[in-house]
Amino acid sequence: MSETTEKRIALVTGAGRGIGKSIAKLLASKGHHVICVSRSESSCGAVADAINASGGSAESRALDVADKAAVKEACEALLEQHGNIDILVNNAGITRDGLLFRMSDDDWDDVIETNLSSCFTFIKYLARPMTRKRWGRIINMTSVIGLTGNAGQANYAAAKAGMIGMTKSLAKEFAARNVTVNAVAPGFIATDMTAELNETQQEAIVGIIPMKRMGEAKDIAAVTGFLASEDAGYITGQVFTVDGGMVM
């Protein structure tokens, strides 16, 4: 594994599979110690084990990111253990799709709490040490749906659009302390979720992508890894679409 000039402590939510797993592995390959967070200990633990087995440095923590009290407790314990978290990637997310008139209150609340409120909670408890240290990287994983909207995904679009507004606001709050806050907006990425779509659905998706293919998790990880690096120190408050040209 290659080493960076300075080893950082990184925390990635939703690190048990897909995009989060790819980001965790990439950050570890750059020499960082990675805290892999997901709801399932078996999934985030497997990712951490794989990183350690390949010569990297990682640990895992099973956590429901929608549980504010649990997140607060976990953040306090991690700060006690590590002193500070340098890189925070808010990647955890769920979908509960449905047309508005059929969408339950629980479907709305679950998506908002998991996708949006969790970002607020993690940043609230982990960003202060970054500002004191005068170095930090916060990357929020939004979506092109947060930019364009999508029928049947009012809850998901609202959460992802909210992440963009939060990103821009916090970038202004933290800039003077050398803490950058950016967002990455994936398009359609080949993951376990998209694999569940039938052939007709997948063909329809590819048809609206100018590059005529879905992206890969490594495409998102590459951009995230750059934004977490020393080289991205003068970039903040931005939204990077990684979508094969869907949103131009």
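View 1. By class, six nonpolar residues, one polar and two charged ones make up the lining of the second largest pocket (nonpolar means Ala, Val, Leu, Ile, Met, Phe, Trp, Tyr, Cys and Pro; charged means Asp, Glu, Lys and Arg; the others, Gly among them, are polar). Among the residues you'll find there are Phe 120, Lys 124, Arg 128 and Phe 174. Helix 4 (105-133) and helix 6 each give two or more residues to this lining, and helix 4 brings the largest share, six residues. The space comes to about 160 Å³. A pocket here is an open set of points on a 1 Å grid over the protein atoms alone, where a 1.4 Å probe fits, with protein on both sides within 12 Å along at least five of seven lines; lining residues have an atom within 4 Å of a point.

This is a predicted model: local features need pLDDT of at least 70, side-chain atom pairs count only at pLDDT 80 or more, and totals for chains, interfaces and linings use all residues. Residues are numbered from 1 along each chain as its sequence is written, and side-chain values use heavy atoms, leaving out hydrogens and water.

**View 2. The largest pocket.** Here about 1,300 Å³ of space is lined by 44 residues, with Gly 93, Ile 94, Thr 95, Tyr 156 and Met 193 nearest the centre. By class, that's 17 nonpolar, 19 polar and eight charged residues.

**View 3. Stepping back to the whole protein.** The C-alpha trace spans about 50 × 35 × 35 Å along its principal axes.

Definitions and conventions:
Grid points are joined across faces, edges and corners, and a volume is the space filled by probe spheres set on the points. Helices (H or I, at least four residues) and strands (E, at least two) are DSSP runs, numbered from the N terminus.
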